[in-house]
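This report describes selected local and packing features of one protein model.

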Amino acid sequence: MKSSSRREYFSRIHIFAYGCNAMRYIILIILLALSLALQFLVGDFPVTFLTSPLNLILFFCWLLTVIWTWRSARKSLFVRFMLSPSATRWALFMMLLLCLVIGLTGKRNLTHAWPSVLAFLFFQTVLMYVILRGYRKATATGERLGAVRWRFVFLHAGLLLAAISLFWGAPDKREFRVKAFRDVPVREAFSVDGRTEWLPYMMEMKDFDVTVGQDGVPSDYSALVEVDGTEVLLKVNHPHTVRFGEDIYLLGYDAAMGRNSEYCILQIVRDPWKYGVVTGVIMMLIGALMLFVGGPDRRSASVSEIE
C-alpha cells in the first residue's frame, strides 16, 4: 500500500509539473496571438505616441514590476518560467528571427510591429530576471549572497542596457532633412512624414567639393557648412555633433551640377538614447575581455542558458 501510495503521489506531482509547463507555453502562445490580432486590427505599434516622458514612465513601471516580482513572487509560475531554459530559448529565437527578417528584407519598420514589440519586451524581461538571479555568486547555503560576478554583470547588463536604449528610446528618435543652399541661411527642416520642423540654429552651405574616380563616377563628396556661425566640414558617414544627441549628416547634392552644386541635402538625427547603446556595447566588450583574460568561472554554476 505504501509503495502504491508513493507511486500515485509522484504521478500526481508529474502531472502537475507537466500542466505547469504546458500552461507556460499556452500563455506565450496567447500573448503572441494577441500581438498578431492587434497588428491586424490597429496596425503598427504607436511609437510616436510614447515619446518622453511617457516612455520613461512606462520604462520605470516595467523595471519596478520586474524587481518587485523577483523580490516578492520569486516562486511564482511566471517568474520560474522567465528563468527557465525554455524562456531563454524562446527569447533568443524571437530576437534572432526578427534580426534575420529585417536583415533579409531591409524593412526596419518591422520593429514597430506588435509581435516585434512583444519579442523585444520579452527578451528584456528574461534578461533582467537572469541578472537579478545571477549577479552574485552562490554561498555554501545555496543563496546568491556572495561576491559580485563582475564579468557576468558587464556582459549581461551591457546587453540589457543596449536593448533598453534601442527599445525604450525608439520613440524619442527623430530624423529631419534640410536642403542647405549656398550662402543662404536656412533653419527649416522636414520630417520623414513631411511635417515642418524649425531648427534652433541656422545653416548655410559655404563650399562644396566632389572627388571623381578614374571612371568618371563620383567616389566621395564633402560640404563646408556654417552651423550657427561655426564652419563645419561635413563628409559622407562623418557626422557633426551639434549638441547632445543631435548629429548632422551629409546626405546628398545636385548630381547634375557636380562640384558646382548650389545646395546639399543634410540629415539631422536626434537620438539622445544612442549613448546608452554605446555604453552597453563598451560594457559587453569589457566583460568579454575579462572573460578572455580570467577564463571561465568553473566554480559557479551557470544560472541560465543565456549566460
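S261 is placed in the loop that runs between β7 (246–253) and β8 (263–270). The model is a predicted one. With a relative accessible area of 0%, S261 falls under the 20% cut-off and is therefore buried. Leaving aside residues up to four places away in sequence, S261 is in contact with R182, M205, F208, Y253 and D254.

### Packing of α5 against two helices

Helix α5 (residues 114–134) packs with helix α2 (residues 54–72) and also with helix α6 (residues 150–168). The table sets out the two pairs.

| Helix pair | Angle | Axis separation | Crossing |
|---|---|---|---|
| α2 and α5 | about 45° | 10 Å | right-handed |
| α5 and α6 | about 155° | 10 Å | left-handed |

Sorted by class, the contact of α2 with α5 holds nine nonpolar, three polar and one charged residues.

The second pair has an angle of about 155°. Because angles over 145 degrees count as roughly antiparallel, α5 and α6 are placed in that category. On the α5 side, V117, F120, L121, F123, Q124, L127, M128, V130, I131 and G134 take part; on the α6 side they meet F152, H156, A157, L159, L160, A163, I164, F167 and W168. The contact of α5 with α6 comprises 16 nonpolar residues, three polar residues and no charged ones.

### Backbone geometry

Most residues other than glycine have a negative phi, and most peptide bonds are trans.

The peptide bond joining S52 and P53 is cis, with omega at about 10°. P53 itself belongs to the loop between α1 (2–42) and α2.

D183 is not a glycine, yet its phi is positive, at about 60°. This residue, D183, is located in the loop between β1 (174–181) and β2 (186–191). Is D183 buried, partly exposed or exposed? Its relative accessibility is 48%, so D183 counts as partly exposed.

D228, likewise a residue other than glycine, has a positive phi near 55°. The loop between β4 (218–227) and β5 (230–235) contains D228. Since the relative accessibility of D228 is 54%, and exposed means over 50%, this residue counts as exposed.

### Confidence of the model

The average pLDDT of the protein is 82, and 84% of the residues score at least 70. Across residues 9–19 the pLDDT is below 50, and this stretch has zero contacts in the model beyond near neighbours in sequence. Residues 300–307 also have a pLDDT below 50, but this stretch makes 25 contacts in the model beyond near neighbours in sequence.

Terms used:
Residues are numbered from 1 along each chain as its sequence is written. This is a predicted model: local features need pLDDT of at least 70, side-chain atom pairs count only at pLDDT 80 or more; totals for chains, interfaces and linings use all residues. Side-chain values use heavy atoms; hydrogens and water are left out. Helices (H or I, at least four residues) and strands (E, at least two) are DSSP runs, numbered from the N terminus. Buried means under 20% relative accessible area, exposed over 50%, partly exposed in between (1.4 Å probe, protein chains only). Contact means heavy atoms within 4.5 Å. Axes are lines fitted to C-alpha atoms, for helices over the stretch in contact, and angles run from 0 to 180 degrees between N-to-C directions. A crossing is left-handed if the near helix is turned anticlockwise from the far one by less than a right angle, and right-handed if clockwise. Ala, Val, Leu, Ile, Met, Phe, Trp, Tyr, Cys and Pro count as nonpolar, Asp, Glu, Lys and Arg as charged, and the others, Gly among them, as polar. pLDDT is the predictor's confidence in each residue, from 0 to 100. Angles under 35 degrees count as roughly parallel, over 145 as roughly antiparallel, 65 to 115 as roughly perpendicular and the rest as oblique.
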